[in-house]
Amino acid sequence: MPTRDRATGVDTTTGSRPEREIGVRSTVSKRLLGRGLLQGWELRSTVVYISFIVLFLVFAVALRHDGFLTQTNLFNVVLQAGTIAIMSCVYVLVLSAGEIDLSIGAIVPLSALVTASVLQSHGFVVGSLAGVGTGLAVGGATAFLVTVVGIPSFLVTLAMMAIVTGLARSINHLQTISVSNNTFVTYFGSGKIAGVSTLFLWMVLVAVACTVAFHFARLGAHVRATGDNQGVAAAVGIRVRRVRALVLILSAVAAALAGMLYAGRIQSASYTLGETDLLTVIAAVIIGGTSLFGGRGTVPGALVGSLLLAMLNNGLILAGLNVQQQSIALGVLIIVAVILGRDRQLSR
Amino acid sequence: MSTSVETAAALDVRGIGKNFGGVVALQEVDLQVRDGEIVAIVGDNGAGKSTLMKIIAGAQLPSRGQLLVDGTPVHFDRPSDSRAHGIEVVYQDLALAESQEVFMNMFLGRELVRTPFALLQKRRMRRETTAILDELDVHVPSSRSIVRNLSGGQRQGVAIGRAVHWARRLVLMDEPTAALGVQETAKVEQTITRLRQRGLAVLLVSHNLDQVFRLSDRIYVLRRGQMAGHLMTKECRPDDVVAMITGSR
């Protein structure tokens with residue numbers, strides 16, 4: 001399918017005719033692929049899908065005796081990707097809007113700890129609201145400083161990361177808080193609904209919502225235009241401030257949700273949660289094909305990027321590599337993915 | 001279609017003036033643009049062209065005077081007011097979102113959507129984009145091409161296409177070919193003449209007198225914030241205009 005995109009992009013003689021052909025009746029899936037995703041695609045965003053398939057095949061062959069292909073293991077990969085995927089899908093909007101959020105890895109433990117402690121004293125409803133509220137509060141403060149006071153998001157979220165880390169560490173004096181509220185544990189990560197893991201359901205929900213908002217709705221168009229050129233976006237009447245504030249708030253709330261899901265999954269909260277998540281999320285989003293410089297992005301790419309990183313992690317553990325070696329492998333993968341993506345983009 | 005004298009002009013500028021503090025940038029200026037007419041404004045740097053443009057575009061408030069669209073007094077506090085009255089501006093620096101597709105630029109900030117969730121009507125926007133660019137004879141590889149990958153002439157074609165698509169009354173062009181090469185300029189000029197055929201009113205600001213003579217029906221000359229002259233293009237020579245611009249006659 002991407003070749004069609006390339007064909008229409010380069011072939012000047014065919015003009016707009018191929019589009020009209022697509023315009024003929026088609027199935028729902030074809031509509032989604034043909035109009036929404038491919039259309040907003042740069043070729044570099046195909047790299048993540050190819051990498052994913054190649055790595056999967058490599059692991060499937062190389063680790064066939066190590067249990068890589070077992071159902072349990074593959075489910076495990078998906079679940080491990082869950083929280084990163086949730087943050088990554090929302091992060092596509094942040095980067096595409098030309099912003100960055102360095103505070104997500106710090107919000108994860110704060111939200112987990114706040115949720116865990118409020119769960120103990122006030123129960124499920126208030127506890128869950130407190131978790132989401134943590135994200136809203138941090139995101140709201142960031143958005144205010146960025147859009148009203150006018151400080152770049154890089155600096156605001158750098159400061160916010162320090163503040164939030166400090167807050168998380170002062171909750172319960174670095175001690176772990178256990179999460180024993182059954183309702184919470186069921187809905188946030190450990191339980192199942194109709195036989196499907198709630199963590200998986202959250203991931204699907206966020207991924208679908210972000211895909212629709214970013215690739216099919218007006219919001220996404222305004223986010224991309226804002227990240228592309230704020231002056232132009234403002235000149236055509238897009239409410240740039242509102243767009244920037246919104247993506248920063250959404251990002252913080254996604255991180256807070258991820259923190260709650262960690263707490264629900266491992267049934268405890270500690271300040272060490274999410275320590276490496278910021279870099280993993282940025283890696284997943286960039287590998288997925290989103291521009292670091294705003295204006296372009298892909299949510300499905302980020303989702304697959306998250307799965308790719310979880311699979312890499314899983315495969316390397318099964319292969320017997322230690323943490324240090326995994327880290328090096330991750331770095332190499334990011335560089336390779338970015339180079340491949342860049343070359344393909346230039347060749348177009 | 002012969003325009004009768006009684007028909008109100010698409011844009012009627014009456015006694016518009018602008019002061020910046022004690023400095024008079026623009027004295028009482030009068031100007032009319034009718035449908036199917038390309039009217040040029042020429043003048044030296046600092047003659048007040050940009051100020052007048054900005055007032056018509058709604059980017060600046062006039063200190064005095066009155067703007068009328070189709071004979072109805074209007075008041076522009078901001079650019080969106082001007083747009084709401086069917087006036088579109090084409091800037092020399094394009095004002096396109098470069099990483100976005102042609103059709104998204106065409107509808108930037110005014111996307112066609114349907115409920116729920118304000119979902120984009122991409123197919124419809126692409127179809128309308130193709131139609132308008134075809135009509136103006138602007139050739140781009142596809143309505144889904146990324147603007148960054150287009151030539152300067154194609155980009156200005158898209159910018160003009162956008163203005164034409166949304167302008168119900170008037171297209172305001174501020175040095176539309178200043179950033180372009182010779183061939184691209186020729187192409188854009190072709191596009192501009194098509195606007196006249198389409199019956200739109202066009203107000204053109206240009207430093208390029210040759211261009212003004214190729215394109216315009218009438219010429220207004222601004223000098224030091226005053227209207228120094230008003231000429232029918234066919235009845236004058238470039239020398240006359242230069243003389244008015246410099247004030248040597």
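Here are some friendly notes on this two-chain model, which is a predicted one.

1. Let us start with chain A as a whole. Its secondary structure comprises 16 helices and four strands. Of its 348 residues, 50% count as buried. If you look at contacts in chain A with a separation of 6 or more, 78% of them join residues 24 or more positions apart.

2. From α6(A), the residues taking part are A:Ile107, A:Leu110, A:Ser111, A:Val114, A:Thr115, A:Val118, A:Leu119 and A:His122. Facing them from α7(A) are A:Phe124, A:Val126, A:Gly127, A:Ser128, A:Ala130, A:Gly131, A:Thr134, A:Gly135 and A:Val138. Sorted by class, this contact of α6(A) with α7(A) holds nine nonpolar and eight polar residues, with no charged ones.

3. Another helix pair in chain A is α10 (residues 198–216) with α11 (residues 218–228). Here the axes are 4 Å apart, and the packing angle is about 65°. α10(A) and α11(A) are therefore roughly perpendicular to each other. On the α10(A) side the contact is made by A:Ala213, A:Phe214 and A:His215, and on the α11(A) side by A:Leu219, A:Gly220 and A:Val223. Four of the residues in this contact are nonpolar, two are polar and none is charged.

4. Turning to chain B, look for an open sheet of four strands. Its strand order is β2-β1-β4-β5, and the pairing is antiparallel. The edges are taken by β2 (23–33) and β5 (72–74) of chain B, each with a single partner strand, so one side of each has no neighbour in the sheet. On average, and ignoring direction, neighbouring strands of this sheet are turned by 30° against each other.

5. Strand β1 (residues 11–20) and strand β4 (residues 64–69) of chain B pair in the antiparallel sense over five bridges. To place yourself in the pair, find B:Val13, whose bridge partner in β4(B) is B:Leu67.

6. Now for the place where the chains meet. Chain B brings 26 residues to the contact and chain A brings 28 residues. On the chain B side, α2 (79–84), β8 (119–120) and α4 (122–135) each supply at least two residues. The largest share of that side, four residues, comes from α4(B). By class, the side of chain B that touches chain A consists of twelve nonpolar, eight polar and six charged residues.

7. Is B:Thr130 buried or exposed? B:Thr130 has 21 C-beta neighbours inside 10 Å, so this residue counts as buried; the cut-off for that class is 20 or more. For a sense of distance in chain B, B:Thr130 and B:Phe213 are 83 residues apart along the chain, and their C-alpha atoms are separated by 31 Å.

Definitions and conventions
Residues numbered from 1 in each chain as written. Chains lettered and ligands numbered in written order. Predicted model: local features only at pLDDT ≥ 70, side-chain atom pairs only at ≥ 80, totals over all residues. Contact = placed C-beta atoms within 7 Å. Nonpolar A, V, L, I, M, F, W, Y, C, P; charged D, E, K, R; others polar. Buried ≥ 20, exposed ≤ 12 C-beta atoms within 10 Å, placed from the backbone. Pairing = 2+ DSSP bridges. Axes fitted to C-alpha atoms, helices over the stretch in contact; angles between N-to-C directions. Parallel < 35°, antiparallel > 145°, perpendicular 65-115°, else oblique.
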